[in-house]
Amino acid sequence: MSEKKGLSHGAYGGVSGDEYIPFIPASEAMPEATIVSILLGVLFAIVFGAANTYLGLKVGMTIAAGIPAAILGTGLLRGIFRRNNILEANMVQGIAAMGESIAGGVIFTLPAIIIWGFELKLSTIVFVTLLGGLVGILFVVPLRRYLLVEEHGKLIYPESMAAAEVLVTGSQGGAGFRTVMTGLFGGGIYKLLSGGFRFWLEEPEWTIRPLQGTIFGVDAMASLVGVGYIVGMEAALYMFAGAIVAWLGLIPLIKYIGAGLTTPLFPATVPISEMNAWQIWSKYIRYIGAGAVAAGGFISLGRSLPTIINSFRSAISGIGAKGAAQKRTEMDVPMTYVIIGAFLVFFLAWFIPVVKTGPIGALLAVFFSFFFAVVSARIVGLVGASNNPVSGMTIATLLFITSVLRFTGYTGDAGMITALVAGAIVCVAIAVAGGAAQSLKTTFIIGGTPKYVEIGMYIGLAIASVFVGMVVLMLNRIYGIGSEQIAAPQATLMSMVVKGVMTGQLPWALVIVGAVFGVMTALMGIPILPVALGLYLPIHLSAGILVGGLIRLFVENRFKDNEKVQKEQIEKGVLLASGLVAGDALMGILVAAFAGLGIDIAFGGRIAPLITGSPWTAAIVLLIFSFWVYSFSTKREG
C-alpha cells in the first residue's frame, strides 16, 4: 500500500463522487475477502450481535458495531497477523456491522410472540433473519451508486466517515491515529464512569412545571457528542426542532386539554391527569412520531423514484456485460441476484412452515422491505445507523400489513402472528439495509470492492443469526421477556400495534396527525426525516446531538478567517469524535457484559446519591467534557 497522509478533503465533499479518488485507488489491487478477514468479521458480528440483543431487550437501544469493529479489526490484523491491509480491515468492519443490524431487527419484533404467550422457535428467528437480511442487502445494491456516489457530500453518512477515519489512521499510525485513540480512551472512560460506575446520570432531565410538568433532558453521552460533531449543526437543529415540538409543545397541550378528564383517553389506560410526560410520550407522541416518519418515508421515496428507476435501468443494462472496463470499486453483485433474491424471499416466506406468512404477507413483506430499505439507506446518511428509526418504520409497516390481513380474513391469534412475522422480515431488512449502506459508504471512501463486502455481510448475518436467536431464548428462559429485568420495550410496542389494529383499537387520529406534520415539513421545504426523527425520539437524544453540533459550530467560527486551517481543525475534531463514538460503544459492551454476568459495578450511585443522582452534576460534567472536546479540536499541532 502506498504511503498516504490520510483521507483527502474530497472524502467529505467538495468534489463529485465520480471525481473522488478513494484512499486505495481502483488501480491498486489488494486482498480483501480473505479467510482471516471473513473469520474476524464473523466473530465480531457474533459478539456485537449478542451484546446488542441483551441491550436492546433491556433498554430498547443498540450500540453501533462498525466503528469499534474497525478499530479492533485493524489492531488484530496489525498486531497478531502482521497484516497492515486496510481493505481487509474494511471487510471486517462491514461484516461485524451486521451483528448490530440483525439484533435490532429481531428484538424489536419477534419477542412480541412471547409477550402474547406463544412459543417462539429458534428456527423462526433464524429464517426471518436470513430472509430479511437477504433483501436488506440486495435492495441497497441498485441504489448504491446514487446514494453513495452521486449524493457524495450531500449525504454525510457520519458513522461511515468515522469508520473510514479509524481505518485510515489505524493503518498508518501518526498524529491522526493518536487523535482517534485519544477519543477512544476519552469516550470509554466517560462511559465507564457514567454508564458503568454511575458517578453521574447518563440521562439527566428536569421537570418544567409551568409547562404542565413536561420534561427537558439530554443524553449526556460521549457517543452523541461525537455524532453531533460529525453530522454538524444543521442536521442537529432539525432534529432538535422536532423534539421541541413534541416535548415542549404537544405534551403540555395534551396534558392541558386532558387535565379535567376523569376517564382514560385511548390508547392510554389511565386518565391524562394522572400521567407524567414520559407516559404521555409513550401513549400518544410515539404514534404521532411514527406517522411523521411514515410520511417522510413515502415522500422521500416519491422524490427519489426517478433516480431509483434509472439505477435499476443502469444495473439491468450491465447484466451479461463481460469483459467491460468496469473499475474494481464499482463492482456489485449482479442485478440478477437482486431479482432472484426478491422472488426467493417471497416464495420461502410463503411456504416455510416456521415462517409461513401466506401469499399476502409474503408479498407485503417484500414490498415494504424494498420501500423502507430505500428510506433506511438514506436516513443513515443523515444521522448514522445508531439513530436510524427502525422501530418507527416498522410500526408504519405493521399498521399497513395488519390492516390488509384483517381485511382479507387473516384474523385472531393466527392473523396477529402472521402480521408480526411479515413485519419482522421487513424490520430486519430495514436494519440491515441501513447497516449495509453505511458499510458500503466506508468501502467507497476507502476504495474497497462493493461486491466482496456485500457477499461478506450476508455470510456474517447468516451465522450471527443463530447466536442472536439463542440469546433471545436464553434471556426469556432466565428472566422472561417482558419482565422488569428484560422489559423488551420496542417489542411490547409492536405487540400493542398489531393487536390494536387486529382488534380495531388503534389511535389512527394520532398517526394521521403525525403524517400531517410530515407533509407540512415537506411543504415548507425543510428536510422531513430529521424533523420526524426528533418528533419520534426522546428529546434527550436530540439534545445530546445538538451539543456536538454546537461544539463544531464554535470550532468553525474560531477559524472562520482562515479556510485552510479551519478544514484542518474540523477534520481533527472529526477524528476525535470518531474515537468518542467508538470508545463509548466498546465500553458500553463491556458494561453490558458485567450486567449479563450479574456483576454490579454501579457503586458510584451509592457513595453520594444526592450528588451522583443530581441532573445538575451530569450537566456540569457534560459541559466540562464538551469544553475538552472543543479545546482539543482547536489546538494547533506544533
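**Exercise 1.** Determine with which residues Gly514 is in contact, leaving aside its neighbours within four places in sequence.

*Solution.* Contact means heavy atoms within 4.5 Å. By this criterion, and with those neighbours left aside, Gly514 is in contact with Ile288, Gly291 and Ala292. Next, consider the separation from Ile288: Gly514 and Ile288 are 226 residues apart in sequence, yet 4.1 Å apart in space, C-alpha to C-alpha.

The model is a predicted one, in which local features need pLDDT of at least 70, side-chain atom pairs count only at pLDDT 80 or more, and totals for chains, interfaces and linings use all residues. Residues are numbered from 1 along each chain as its sequence is written, and side-chain values use heavy atoms, with hydrogens and water left out.

**Exercise 2.** State whether Gly514 is buried or exposed.

*Solution.* Buried means under 20% relative accessible area, exposed over 50%, and partly exposed in between (1.4 Å probe, protein chains only). Gly514 has a relative accessible area of 0% and is therefore buried.

**Exercise 3.** Describe how H13 and H19 are arranged and which residues meet.

*Solution.* First, the axes, which are lines fitted to C-alpha atoms over the stretch in contact, with angles from 0 to 180 degrees between N-to-C directions, come within 10 Å and cross at roughly 80°. H13 is therefore roughly perpendicular to H19, a term for angles of 65 to 115 degrees. Second, Val375, Ile379, Leu382 and Val383 in H13 meet Leu529, Pro530 and Leu533 in H19. By class, this contact has seven nonpolar, no polar and no charged residues.

Key
Helices (H or I, at least four residues) and strands (E, at least two) are DSSP runs, numbered from the N terminus. Angles under 35 degrees count as roughly parallel, over 145 as roughly antiparallel, 65 to 115 as roughly perpendicular and the rest as oblique. Ala, Val, Leu, Ile, Met, Phe, Trp, Tyr, Cys and Pro count as nonpolar, Asp, Glu, Lys and Arg as charged, and the others, Gly among them, as polar.
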